[in-house]
Structures are given as C-alpha cells and as structure tokens.
Amino acid sequence: MVLLKIKFTQQRRVHLAQGLWLLSWMAVLWGGIIFCLGVYLKTELLRRAEVMDNTAIHVVPNILMMVGLASICTNWVASRVCQDSMDPTRFPRWKVPLLAWFAVSAVLCFLLIAVVVLSYALQGSLEDSLKVGLRNGIRFYKDTDVPGRCFQKETIDRLQMEFRCCGNDNFKDWFEVQWVSNRYLDFTSKDVKDRIRSNVDGRYLLDGVPFSCCNPTSPRPCLRYHLTDNNAHFSYDYQSEELNLYSRGCRQALTNYYMELMNATGPGVVSVIFIQLSVLLSLRYLQTAVETAMALEDPEGDSEGYLLEKGVKETIEDLKTNALTILKFGQVDPAAAEGSSEAADVEKDEKDAPPAPAS
C-alpha cells in the first residue's frame with residue numbers, strides 16, 4: 001500500500017521543483033546561521049574554560065557546527081536535484097545519491113532535536129563544572145607567580161566585573177580562602193601573625209573581598225575589609241546593611257548567561273528542523289513523481305508521487321531484511337569454511353604423497 005499518494009501534473013511538478021529550490025536555499029542560509037551560533041557559543045565557552053572543570057557542555061556547540069555545515073551541503077545538493085528534475089537525461093543520475101541524501105537529512109533532523117534536548121539536560125552538568133572551576137579559581141587567585149596560574153587573578157577579576165558577581169555562591173566565599181599572596185604580607189606585623197596563628201592551616205584569612213566585587217552603582221564608597229565588624233565602619237550593620245558589593249554569585253551569573261545563549265538558539269534550531277523536514281518530504285515527492293512519469297515514458301504527462309512505496313510496517317520489515325542480508329554477506333559460513341579447509345588438507349596430502357613406482 002502506497003503511503004500518502006498525490007497526483008501531479010507537469011505544471012504541479014514544475015511548481016514543486018521551483019518552490020523546493022527556494023526552500024533549499026533558505027535551508028542553506030539557516031544552516032549558515034546555525035553554524036555561526038555554534039561558533040559563537042563555542043567561543044564563549046572557551047573564553048572561560050579556566051573556570052570550568054570539564055567540557056561536557058561543549059557537545060552542544062560541536063553538534064551545532066557539524067549540523068550547520070552538513071545542512072549547507074545537503075541542501076545545496078537538493079537545489080541541484082531540483083534543477084535537474086525537469087531534464088529526463090540528467091535526473092536519473094541522482095537515483096542512488098538521493099538514497100544517501102535522505103539518510104543524511106534524517107540524521108540531521110535527529111541531531112537537531114538532540115541539541116534542543118541536551119541544551120536543557122546538561123544544565124546540571126554546567127552548574128557542577130562551574131562550581132568546581134570557580135572554587136579552584138578563587139583558591140588559586142593569589143598564585144600570580146606560579147607557572148600555569150599567573151593569569152588566574154586577572155581572569156577572576158575580569159569575570160566578576162563583567163558579570164557583576166562576587167565569589168562562587170556569594171561574597172562570603174572569599175572569607176574561606178587566602179586570596180592575598182604571602183609575598184605581599186608583612187610577617188613582622190602583629191596583625192598578620194595573629195591571623196595566621198589563629199588559623200589551623202596557617203592561612204591568612206580575611207573578612208574581605210577583592211576590589212572586583214565592588215558595585216560601582218552603590219552611593220557609598222566600597223567597603224572591602226572588616227565586612228563582619230560593625231564597629232569598623234561608621235553607620236554600618238553587617239546583618240542588615242545592603243552591602244555595596246555584588247550580591248550574586250558568579251556560578252549563578254555564568255549559568256544564567258550560558259543557558260540564555262542556548263535558549264536563544266532554540267527557536268533557530270526548531271525552525272531549521274521544520275525547514276529540513278519540509279525539504280526532505282518535498283524532495284521525496286518530487287523524486288517519486290518524476291520517476292513515475294519517466295517509467296510511463298511520458299515525462300510531460302500526469303504522474304503520482306508518494307512518500308513510501310509500501311506501508312510503514314512493510315517498509316520497516318524490508319529494511320530489516322536488507323540489513324540482515326548485508327550482515328550475512330559479510331559473515332563466513334562455518335560449514336563452508338570447514339569444507340574448504342578439509343578440501344585444502346586433502347589437496348595437501350595428495351601433493352605430499354610419494355609418486356607411484358612405474359610398472
């Protein structure tokens with residue numbers, strides 16, 4: 001049973017080819033947009049790779065770039081098929097390549113759907129990666145003279161100023177690490193000695209934050225030190241005062257930023273899915289309609305186009321049968337192999353046997 005059969009006149013085939021040609025070039029344009037979105041997202045992720053613990057989230061831009069390039073190529077091929085569909089001498093050459101084209105187009109649609117799903121599914125992985133990466137970044141903030149960490153301070157400072165955030169979860173994260181290098185501490189100072197001695201690990205801890213945590217929109221000059229001491233500042237209450245520091249943590253800020261980027265690509269990806277499906281279905285109708293007309297030896301007459309020559313169930317069974325046939329073709333029959341080995345042994349014995357004496 002033919003699936004979704006439609007009757008086509010010569011004029012309808014021409015209109016279908018013309019419309020499909022325009023749709024193919026639209027898909028080429030959208031493929032370029034998807035590729036550019038993938039490159040931009042990849043670049044933004046690489047810019048802040050120092051504050052990420054793993055690269056699992058990179059699978060999203062990688063798929064976007066791959067699908068974008070593949071979409072450009074496949075839809076360019078579809079536009080060429082549309083041009084040749086009206087020429088009986090040129091269209092037959094596309095019969096075999098179109099089988100591969102339909103398979104690639106179906107895979108592209110599947111990958112685009114996977115991008116949409118992964119954009120939401122990997123949010124937890126992104127948060128965990130940022131949590132560990134930012135924690136290490138804050139811990140190594142002071143290591144400006146350690147090879148491999150020389151620019152960690154600059155990275156964290158620029159990050160906090162650009163995203164208007166402070167610390168991993170909030171500004172209190174800076175209270176738990178020594179973020180001032182020992183080379184800038186005066187170990188003859190009583191205050192420095194007392195702070196180091198009061199800590200079990202011998203670290204110089206402060207209830208203060210780096211300058212990059214200061215909020216420039218605050219009317220009060222930035223208070224960076226003695227943040228938990230109400231007596232250290234005039235008219236100040238640590239518990240109730242709205243501090244002139246960024247209150248949002250950088251993990252939340254970065255997670256929101258990257259999720260907004262991926263959500264922004266969602267409508268574009270969904271549009272490409274619908275366009276790609278439209279090209280796939282339209283090209284299938286055009287192919288079958290033209291091949292039917294050529295089979296009737298009347299290229300300008302009426303013909304029928306369809307999606308599947310048989311029903312869905314029968315088509316699936318045929319695909320299974322063909323796949324099993326291909327797999328069996330690549331396997332060696334044990335009985336045949338045993339028979340061939342026995343024949344080889346017999347032939348070897350005959351060669352090794354001494355010649356019969358002449359009578």
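Biologist: What is the relative accessible area of Asp169?

Modeller: Asp169 has a relative accessible area of 39%, so it counts as partly exposed. Buried would be under 20% and exposed over 50%, with partly exposed in between (1.4 Å probe, protein chains only). This is a predicted model, where local features need pLDDT of at least 70 and side-chain atom pairs pLDDT 80 or more, while totals for chains, interfaces and linings use all residues. Residues are numbered from 1 along each chain as its sequence is written, and side-chain values use heavy atoms, leaving out hydrogens and water.

Biologist: Which side chain does Asp169 meet in a salt bridge?

Modeller: Side chains of opposite charge can pair when their charged atoms come close. Here Asp169 meets Arg251, at 2.3 Å from N to O. That pair links distant parts of the chain, 82 residues apart: Asp169 sits in the loop between α5 and α6 (190–197), and Arg251 in helix α7. A salt bridge needs a side-chain nitrogen of Lys or Arg within 4 Å of a carboxyl oxygen of Asp or Glu. Helices (H or I, at least four residues) and strands (E, at least two) are DSSP runs, numbered from the N terminus.

Biologist: How many salt bridges does a search of the whole structure find?

Modeller: The search finds 14. Among them, Asp157 and Lys153 meet at 3.0 Å, N to O. Both lie in helix α5 (residues 152–163), four residues apart, about one turn of the helix. Asp157 is buried at 4% relative accessible area, whereas Lys153 is partly exposed at 30%. Arg149 also bridges to Asp143, with their closest N and O atoms 2.9 Å apart. Asp143 is buried at 10%, and Arg149 is partly exposed at 28%.

Biologist: How do I read a pair of aromatic rings?

Modeller: Such a pair is described by the distance of the centres and the angle of the planes. A search of the whole structure finds ten aromatic pairs. One of them joins Phe8 and Tyr285, tilted at 50° between the planes and 6.2 Å centre to centre. Phe8 is in strand β1 (residues 6–8) and Tyr285 in helix α7 (residues 250–295), 277 residues apart. Phe8 is buried at 6%, as is Tyr285 at 14%. Rings of Phe, Tyr and Trp (its six-membered ring) pair if their centres lie within 6.5 Å; planes under 30 degrees apart are stacked, over 60 edge-to-face and the rest tilted.

Biologist: What kind of aromatic pair do Phe171 and Phe175 form?

Modeller: Phe171 and Phe175 form an edge-to-face pair, with 75° between the planes and centres 5.9 Å apart. Phe171 is buried at 12%, and Phe175 is buried at 17%.
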